[in-house]
Amino acid sequence: MRTVYMDNNATTRVDPEVVEAMMPFLTERYGNPSSIHDFGGAVGKEVEAAREKVAACLGAEHASEIVFTSCGTEADNTAIRSALTSRKGRRRIITTRVEHPAVLNVGRQLEREGYDVTYLPVDRDGLLDLELLREKMDDEVALVSVMTANNETGVLNPVAEIGRIAHERDALFHTDAVQAVGKEPVELARGDVDLLAISGHKFHAPKGVGALYVRRGVRFRPFLLGGHQERGRRGGTENVPGIVALGKAAELAAAHLEDEQTRVRALRDRLEAGLLGVPNTRLNGHAATRLPGTSNISFKNVEGEAILLLLNQEGICASSGSACTSGTLEPSHVLRAMGVPFNFAHGSIRFSLGRFNTDADVDRVLEVMPPLIARLREISPFRD
């Protein structure tokens, strides 16, 4: 039975071109890029070439604005902690109720440390009220942290406008763009964003490598203290194979952006049209202001975990939300913040498509899902 990968947010395939690019740095070119000898120095040049590619993909003005990390979570933590240490005397942070745990859990920890954290609500479509953000801003705010695209619903935020609102009060603006890179255009040279986090495995690099964009001129304090790597901004020997892979993946992501915006979007729309034909279903998230490949659909009076188990038996990979929060039976904090009714929130499934998905994948899901949902509703203890 062929496996159908409809969970690209969590099980993204590493592009074969990326694998080919990184392999020499595991087998032959294994020098330390921070060494002064030629064997390591030549590898160091490849790290800088990867930095250039990531900067180009993000529309950053300077390659030196890119700091390599182990993942998006490290980049988020680094950005938030750095912003607070560089804005001494300011003890407020503004974020939203629908952020990734890499931001929300930092906020909760900061509250325990005495910081004032404001969690802004979103509307039923998952959209942020910019006027409410402006009302909450004052001269005590050190940082505004709002994700570019939601990891569960794909809903997009107007990061340029949010950045301008933050800058009106001389606060820094950080955005978790982990879900957006490679799917939506990113243009950092405009200066609206101060700090931006990405993770390679979301755009077909291997897991375990990411990056933090730090706008030139923004005061920065490292999170990981150690050696002089990354110009003193992130201690630790560089993950050269991962960094080279990230650079190649960024290059390919930029080249395939139009495919994500057109063909992948069309696949998602066809998937949604078919699934929303099942009685008592709903789409979670704004219909238009959304990533091209993400679809979050709820099936009333059905348990999401049961859906996933039966899909797995059919060789279909999907998820009930963020992979970082799997294993809990609690309904999604994102859907709760959007006011999704309890009997729908528990039956929420996220499909996330990418450029390796095909029409045959969508056909297979549309073949399996309607009878699967009907079967589960027959044995459900809940009734309309």
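**Cysteines**

I started with C317, which is partly exposed at 22% relative accessibility. My scale: buried is under 20% relative accessible area, exposed is over 50%, and partly exposed is in between (1.4 Å probe, protein chains only).

A note on the source: this is a predicted model, where local features need pLDDT of at least 70, side-chain atom pairs count only at pLDDT 80 or more, and totals for chains, interfaces and linings use all residues. Residues are numbered from 1 along each chain as its sequence is written, and side-chain values use heavy atoms, with hydrogens and water left out.

Next I looked up C57, which is buried with a relative accessible area of 15%. How far is the sulfur of C57 from the closest cysteine sulfur? That sulfur sits in C71, 18 Å away, too far for a bond. I then searched the whole structure for disulfides (pairs of cysteine sulfur atoms within 2.5 Å) and found zero.

**Strands**

I turned to β3 (residues 92–96) and β4 (residues 116–120), which pair in the parallel sense over five bridges. Pairing takes at least two DSSP bridges between the strands; strands (E, at least two residues) and helices (H or I, at least four) are DSSP runs, numbered from the N terminus. Between the strands, the chain goes through helix α5 (residues 101–112).

**A loop residue**

Last, I checked M23, in the loop between α1 (16–22) and α2 (24–27). M23 is partly exposed, with a relative accessible area of 37%.

Note on methods. A crossover is right-handed if, with the strands pointing away from the viewer, the path from the first strand over the helix to the second runs clockwise.
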